[in-house]
Amino acid sequence: MKVVINYGHGPKDVGYDPGAIGPTGYQEASQNKEVGELVVTKLKKNGWQILAIQDGDLWDVTNRANDYNPHYFLSIHANSFADYHAHGIETIALGAGGMGEKMAKEIQKELVTATSLTDRGVKFNNLHVLRETDCPAALVEIGFISNPAEEALMKQDSFDETVASAICRGVSRAVGVPYTEVVKPVSPQLEPIVVMYRVILDGKQVMALSYQDAAIAEVKKAVDTGQAQKGSVQRNTDDVNVFEYVKKG
């Protein structure tokens with residue numbers, strides 16, 4: 001099985017394209033590369049043949065990809081928006097039907113389950129790397145680097161591992177080949193569990209924040225301004241509601 005893994009943005013023929021930049025200055029190109037390299041390692045250990053590309057010039061990406069003659073193409077990105085509240089995961093295909101959409105659906109499903117981030121669904125978009133590749137292709141947006149909480153997650157090795165494994169499971173299921181997770185050697189120093197606080201408005205999760213007080217403030221603001229009738233803050237580690245708030249009157 002041959003696949004091209006594209007870490008979005010990066011070195012250009014002239015200059016460097018960092019991609020989107022988070023609130024603390026973390027560059028999308030760096031995040032894409034960290035996750036992409038993990039995906040490459042995991043898939044290679046499952047017998048895949050892989051060409052990895054990080055290039056800020058889009059025609060260079062698709063020309064090199066097509067020269068490799070792969071069965072599939074996957075581009076890894078992080079999302080960004082002017083409103084820092086924008087959050088969640090989405091995966092993009094060129095259009096409905098076919099293997100591109102199937103890859104996007106399976107990857108999206110795995111990522112949402114693994115991370116507990118908001119499911120923004122599978123989207124269709126006439127993007128260069130999807131349109132100009134000569135094989136089924138998908139592009140994944142692994143959260144919003146413009147969102148402070150999601151940028152903080154992206155800077156954690158444990159999050160990168162989780163995301164990379166989910167991508168590998170999704171693409172493997174889509175193309176009908178088995179996937180075995182390579183177990184890392186046990187480290188004497190375990191990474192701490194990442195505690196997030198889900199903001200749930202009228203029964204629907206709208207974001208997840210690193211700080212409980214910030215999540216509570218978001219719930220109160222939404223209910224007090226009439227955006228929701230009720231809200232709660234739920235801890236991701238045990239699904240316990242640590243705060244509930246209902247519109248008075």
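Reader: Let's start with the sheet of 6 strands: in what order do the strands lie?

Author: The order is β4-β1-β5-β8-β6-β7, forming an open sheet with mixed pairing. Strands pair here if DSSP finds at least two bridges between them. The strands (E, at least two residues) and helices (H or I, at least four) are DSSP runs, numbered from the N terminus. Keep in mind that this is a predicted model, in which local features need pLDDT of at least 70 and side-chain atom pairs count only at pLDDT 80 or more, while totals for chains, interfaces and linings use all residues. Residues are numbered from 1 along each chain as its sequence is written, and side-chain values use heavy atoms, with hydrogens and water left out.

Reader: Which strands stand at the edges of that sheet?

Author: Those are β4 (49-53) and β7 (119-124). Each has a single partner strand, so one side of each is left without a neighbour in the sheet. Neighbouring strands are turned by 20° against each other on average, direction ignored. For angles like this, axes are lines fitted to C-alpha atoms (for helices over the stretch in contact), and angles run from 0 to 180 degrees between N-to-C directions.

Reader: How many residues of β1 are buried?

Author: Buried means under 20% relative accessible area, exposed means over 50%, and partly exposed is in between (1.4 Å probe, protein chains only). In β1, 6 of its 6 residues are buried. Lys-2, Val-4 and Asn-6 point one way, while Val-3, Ile-5 and Tyr-7 point the other way.

Reader: Which residues stand opposite Ile-5?

Author: On β4, look for Ala-52; on β5, look for Leu-74. β1 runs parallel to β4, with 5 bridges joining them, and β1 also runs parallel to β5, again with 5 bridges. Moving along the sheet, β5 (residues 72-79) is joined to β8 (residues 137-144) by 6 bridges, and these two run parallel. One of the pairs there is Asn-79 with Phe-144 in β8.

Reader: And which strands does α6 touch?

Author: Contact means heavy atoms within 4.5 Å. By that rule α6 packs on the sheet and touches β5 and β8, its direction making about 155° with that of β8. Helix α3 lies across β5, β6 (89-93), β7 and β8, running at about 170° to β6.

Reader: How do I describe the way two helices pack?

Author: Two packed helices are described by the angle between their axes and the distance between the axes. Here, the axes of α3 (residues 98-115) and α6 (residues 157-175) come within 8 Å and cross at roughly 145°. Their residues in contact divide into 12 nonpolar, 3 polar and 5 charged. In that count, Ala, Val, Leu, Ile, Met, Phe, Trp, Tyr, Cys and Pro are nonpolar, Asp, Glu, Lys and Arg are charged, and the others, Gly among them, are polar. Among the residues that meet are Met-99 and Ile-107 in α3, and Phe-159 and Val-163 in α6.

Reader: Which residues of α2 are buried, and where do they lie?

Author: An α-helix has 3.6 residues a turn, so residues three or four places apart point the same way. In α2 (residues 58-68), the buried ones are Val-61, Thr-62 and Ala-65. Seen down the axis, they fall within an arc of 85° (taken from the directions from the helix axis to the C-beta atoms), so they line one face of the helix. These buried residues pack against β1 (2-7), β4, β5 and α4 (128-131).
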